[in-house]
Amino acid sequence: MNVSLFFTQLANGIGAGAIYASLALALVLIFRTTGLLNFAQGEMALFSTYVTWWLWDQGAPILVAILVSVALSFAGGAVIERVVIRPVEAASPLIVVIVTLGMFLALNALTQVVFGTDAKQLASVFPRRVFDLGGVRLSAQTLGLVGVLVVECVLLWIVFQRTKVGLALRAVASNPTSARLVGISVGRMLMVGWALAAALGALAGSLVVPATEALTASSMQAILVFAFAGAALGGFDSPLGAVVGGLVVGVANALTIEYLEPLRDVELLVPFGIILGVLLVRPAGLFGTQRVERV
Amino acid sequence: MPARPTPLRRAGPAVAALAVLAVLAWLPQYYGSTQTALFGRAIAFAVAALGLNLLTGYNGQVSIGHGAFFGFGAYTTAILMKDHDWPFLATLPVVAVAGLVVGAAVGFPALRVKGLYLALVTLGLAALFPDLVTRFVRGTGGTTLVQIPKVTAPGWATGFAPQDDQWRYYLVLAVAAVLALLAWNLVRGRFGRALIAVREHEAAAATVGIDLARVKVSAFAVSAAYAAVAGSLLVLVTGLANAGRVETFQLSIDFLVIIVIGGIGTVLGPIVGAWLFVFLEDWTKQVFPDTPLLSPALFGVALILFVYVLPDGLIGGARRVTRRLRRRPPPDGTRATPHPEVNPA
Amino acid sequence: MSRIVSRPLGTPTPANLRAPEAKEPHMHITTAHSTSLRSRRRLRRPAGWAALLVVLALLLAACGGGRSEEKRTDGGDGGDGAASELIDTSGCASDPSVEVTGDTIKLGTSLPQSGLYSAFQEILRGEEAYFRYVNEELGGVKVGGKTYKIELVNKDDQYQADKTVQNVNGLINDDKVFALFNVVGTKNNLAIRDLVNEQCIPNLFAATGSPAWGNTKYPWLLGTMLVPYPLEMQAFVDYLKQEKPDATIAVLRASDDFGRAYADTLKRLVGGTDLRIVKEATYNPEVSDTKAQVTSLAATEADAFVLGATLLACPNALQAVREAGWQPIIYMSGTCTSKTLMNIAGPAADGVLSVGSLMDPNDPRWASDPRMRLYKEKVPQYAPEADVTNGIVAYGWTTAAFLVETLQSSPKLTRLAVMETARTLDVEGVGLQLPEASLSVDEDDWFLGEIFTMVRYDAGKGYFVTEGDVLDFSGKTRSITPPDLITG
């Protein structure tokens with residue numbers, strides 16, 4: 001067996017998985033703070049990435065463009081929560097899913113109308129270098145992305161566990177009524193949750209798109225499904241789970257393509273099977289909090 | 001305890017149903033083939049939504065994968081008709097049974113995987129199905145498109161269905177009517193009550209002797225069978241079976257949207273929702289003829305606004321209005337205007 | 001009777017001790033009214049039925065009528081005056097030898113204008129620019145002694161075959177178009193093939209290179225001047241036989257019919273030569289990610305790499321080849337020869353081989369060509385939103401020019417006459433056609449784009465350079481292609 005090929009494919013899988021994990025983090029963040037499933041997360045990230053592109057196209061250095069876009073998305077996420085989601089926050093989660101679906105359609109179309117339908121190129125923050133480590137080829141992009149993910153996870157942990165805002169977010173997610181009683185502004189915390197997720201999404205999109213070579217209106221759609229899969233695998237309320245889940249999905253896909261020739265065209269079976277298997281054993285995902293059922 | 005309904009009251013729904021059926025049957029006589037195809041699509045979607053409603057509305061298990069069952073039924077019918085020369089109606093029992101089996105197969109793991117995670121697993125199904133089609137189906141021109149031979153009206157029907165597309169519509173309507181009746185029966189019987197009981201409180205339901213596993217798996221099985229047959233119906237209307245990742249996702253989401261805008265947990269809801277949905281689809285395409293890019297945007301916005309105004313769907317909203325009207329006391333001279341209404345939450 | 005599922009292990013720090021009411025990942029669905037079932041039933045009835053009737057009324061008010069007209073025009077089989085050796089009109093649902101009245105020729109097209117494949121809407125810009133140019137500056141199209149204006153009705157199908165069927169039904173029955181033109185997508189054209197055949201309505205220049213358009217059972221469908229995919233493989237095999245006759249070949253193809261057209265033909269053609277296919281990998285065209293597949297192929301260190309891919313998968317794969325450190329002779333599908341895609345690939349696209357049948361708007365060699373000058377002048381004038389350097393716009397412009405050429409060569413303005421003319425077309429110098437490439441079809445040869453050149457992308461210059469002489473495969477497509485790809 002060709003060892004360096006295995007590791008190269010592993011690296012490919014990690015590279016793809018890091019992409020899924022980046023979006024999965026945003027999904028998990030929204031879930032963790034508001035308990036909602038946000039179908040429009042990909043398209044929000046898409047719009048933010050287009051904003052990054054536009055800023056860069058106008059002449060801003062890529063890093064500045066990304067930072068500005070992230071800041072704008074932070075604000076945008078808060079606005080979306082207040083204006084679009086708040087009216088139905090109290091209703092059944094299914095209703096909210098429908099609203100996010102409506103947002104998905106509207107944002108996608110809006111992006112195409114505002115920025116055009118042709119494919120755009122976006123500069124990459126990471127250098128376009130590929131390292132050859134004894135036959136194993138590892139791209140700077142992959143390394144960079146994984147690094148960013150680790151930093152994001154650590155930062156999120158710090159925010160949630162060590163800051164007042166994080167505590168308030170957790171309180172609101174766990175029991176809004178009690179949180180209100182102790183003086184936490186539930187509405188404001190929900191806005192913060194969405195704002196953070198939108199910012200994360202913007203960062204994800206801006207870092208990830210150059211890896212897939214072009215920015216188009218469909219850039220996020222394929223990623224979204226895998227991101228959901230990764231988040232489900234890892235546990236929807238665990239940022240670490242999102243990262244691990246995303247990576248597992250990516251690696252499973254890459255290794256299947258290489259080694260399981262009979263599964264050609266249906267490689268999806270393997271990650272799907274893994275997720276199903278994990279969920280059967282741990283119904284809340286690898287790192288998710290298990291449900292306690294009280295009667 | 002309310003008084004027993006009078007015979008007139010009891011006949012009410014039957015009369016209403018027949019009236020609606022009559023209207024639906026009249027449609028292809030007046031409207032051309034393009035619109036008739038649209039109506040056929042609405043009916044097929046209604047059947048699928050009825051099935052999904054059983055699972056998600058009555059039983060509380062959310063599925064975003066019914067597009068896969070739908071496509072499964074579509075391809076089964078199309079392949080049987082094209083490669084093996086089966087007549088359309090003969091394929092339906094096969095599709096229904098196969099749908100039950102596949103649904104049950106998905107229903108078993110669903111016992112353990114719940115809620116959000118179940119929804120995502122079904123999403124995975126919707127992603128997987130088109131890949132399976134790509135791998136195993138060789139249709140027209142080597143693509144995954146399977147086109148059925150033309151279905152023409154038999155001699156005895158040319159009186160009321162001189163054109164073939166009218167005949168196909170009537171077939172679809174007939175099958176759908178039977179399935180709707182079946183659904184209504186299921187829902188008001190023990191099965192329906194068991195579904196609701198399991199949704200509301202599993203532990204309590206188990207206490208009164210409901211076999212949780214059987215109810216939940218059956219719900220999956222039946223809803224998948226409905227979706228599969230609906231797929232077959234659409235094949236009859238369009239003449240082809242087709243599944244890409246985008247199409248299958250879109251269908252899964254469409255069905256979910258339909259049951260929400262129609263009204264979850266009612267039998268009429270999915271039907272109303274399907275017609276409303278198809279209408280909305282068509283209308284949004286015509287509003288901006290010069291910028292087709294905006295149609296999905298308009299659709300999305302319309303959806304959001306609809307759900308704001310009517311969070312319990314059209315049927316739910318209609319019921320609220322009716323309840324308000326009924327609560328109003330009859331004018332009797334002692335009051336100039338009726339009392340302001342306390343909102344029945 | 002509480003059921004506590006196992007908790008994550010670890011000391012119960014505040015981090016992993018969740019309150020029992022912790023937000024759980026479940027979606028609890030309830031109906032709005034949890035009143036008793038029986039009373040619910042009674043209240044439900046009138047309201048629900050009323051709602052249903054309201055919705056039905058809404059829908060019906062928005063639709064026109066139409067059935068009575070259809071019944072009238074549906075009179076048996078036409079074709080009783082339409083004798084033709086080329087096309088059998090005995091089964092036509094309507095008479096194709098009826099002359100068009102009025103001053104306008106109404107054409108219909110269905111293509112993706114929103115959704116995943118919305119980039120194809122640029123074809124429409126090219127077409128509309130040409131038709132506007134003809135209408136306004138040339139006064140219209142002259143057919144059989146009379147001049148007509150051209151009107152193009154376009155619909156959006158989001159690349160989904162069932163939507164195409166809906167659209168075309170509408171175009172035929174409601175808009176009453178004379179002919180269909182430039183419908184995009186293999187599946188989309190296949191889906192309407194039977195309909196068009198029955199109604200005897202020309203479907204001209206179907207925008208795909210699928211060999212399925214050679215199927216003689218469907219005379220009312222004409223393919224386009226895109227080089228048919230099997231011919232591309234013949235051209236490349238000939239090239240390899242000259243440059244490296246014992247080359248090993250690795251293939252990456254889309255998992256659908258498009259990809260199969262390349263792979264199956266290639267397999268057939270290398271039989272009997274010293275060329276060998278060592279590995280074949282597929283990718284899902286709806287996902288466009290090819291990194292793992294290319295890595296797998298790169299491990300074979302094959303001498304040549306055939307890329308049967310389209311849209312974004314092309315630059316994706318080219319980039320992956322570069323990153324893998326692999327340097328094969330690369331052949332890329334002709335559908336990828338667009339400046340946008342090559343720009344995305346950047347230096348990775350340098351030296352890639354493909355085929356071309358149109359003049360590249362970015363190539364300075366054609367800058368002084370009168371047809372190129374016309375294109376570059378009129379497109380900004382009549383379709384200012386379009387990007388003149390985009391190959392897709394050039395394609396739309398050229399196919400529109402073909403259509404006008406067909407119409408003008410037709411003896412009279414009937415569907416039958418126009419279709420027969422299209423079936424015996426022999427033209428050169430139309431639109432942005434390459435000067436050396438003449439396009440022709442006849443009774444035995446149903447494929448248009450059989451004369452073309454191989455091209456090689458020069459990343460430094462930013463356009464495709466001609467490689468070698470003009471290749472003439474007139475009449476050869478059918479013999480090269482595996483039969484099931486044509487008649488399947």
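**Figure 1. Confidence of the predicted model in chain B.** In this predicted model, chain B has an average pLDDT of 87, and 92% of its residues score at least 70; pLDDT is the predictor's confidence in each residue, from 0 to 100. Over residues 335–345 of chain B, pLDDT stays under 50, and the model has five contacts beyond four places in sequence for this stretch. Two residues are in contact if their C-beta atoms, placed from the backbone, lie within 7 Å. Where pLDDT is low, the predicted coordinates should not be read in detail. Local features need pLDDT of at least 70 and side-chain atom pairs count only at pLDDT 80 or more, whereas totals for chains, interfaces and linings use all residues. Residues are numbered from 1 along each chain as its sequence is written, and chains are lettered from A and ligands numbered from 1 in the order in which they are written.

**Figure 2. The fold of chain B.** Chain B contains 13 helices and two strands. Helices (H or I, at least four residues) and strands (E, at least two) are DSSP runs, numbered from the N terminus. The C-alpha trace of chain B spans about 75 × 50 × 45 Å along its principal axes. The radius of gyration of chain B is 22 Å, which agrees with the value near 20 Å that a compact globule of 345 residues would have; the radius is taken over C-alpha atoms, and the globule rule is 2.2 Å times the number of residues to the power 0.38. Of the 345 residues in chain B, 57% are buried. A residue is buried if 20 or more other C-beta atoms lie within 10 Å of its own, exposed if 12 or fewer, and partly exposed in between, with C-beta atoms placed from the backbone. Among contacts in chain B between residues at least 6 apart in sequence, 75% join residues at least 24 apart.

**Figure 3. The contact between chain B and chain C.** Chain B contributes 68 residues to this contact and chain C contributes 63 residues. On the side of chain B that touches chain C, the helices that each supply at least two residues include α1 (7–30), α2 (33–58) and α5 (115–136). The residues on this side of chain B comprise 34 nonpolar, 25 polar and nine charged. Here Ala, Val, Leu, Ile, Met, Phe, Trp, Tyr, Cys and Pro count as nonpolar, Asp, Glu, Lys and Arg as charged, and the others, Gly among them, as polar.

**Figure 4. The two domains of chain C.** Chain C has 15 helices and 16 strands, and 55% of its 488 residues count as buried. Domain 1 of chain C covers 79–226 + 367–440 and domain 2 covers 229–356 + 451–487; these bounds come from an automatic or database domain assignment. Taken over C-alpha atoms, the centres of the two domains of chain C are separated by 29 Å. Domain 1 of chain C gives 18 residues to the contact and domain 2 of chain C gives 22 residues. On the side of domain 1 that touches domain 2, α12 (391–409) and β14 (438–440) of chain C each supply at least two residues. The largest share of that side, three residues, comes from β14(C).

Figure 5. Helix α1 (residues 3–34) of chain A has 32 residues and reaches 45 Å from its first C-alpha to its last, close to the expected 46 Å. The expected span is 1.5 Å times one less than the number of residues in the helix. Because 26 of its 32 residues are buried, α1(A) is largely enclosed by the rest of the structure. Just after α1(A), A:Gly35 takes a positive phi of about 75 degrees.

**Figure 6. Two loop residues of chain C with positive phi.** Most residues other than glycine have a negative phi. C:Lys176, although not a glycine, has a positive phi of about 55 degrees, and this residue is found in the loop between α4 and β5 (179–181) of chain C. C:Lys176 counts as exposed because it has 12 C-beta neighbours inside 10 Å. C:Asn182 also has a positive phi, near 55 degrees, and lies in the loop between β5 and α5 (186–199) of chain C. With 27 C-beta neighbours inside 10 Å, C:Asn182 counts as buried.
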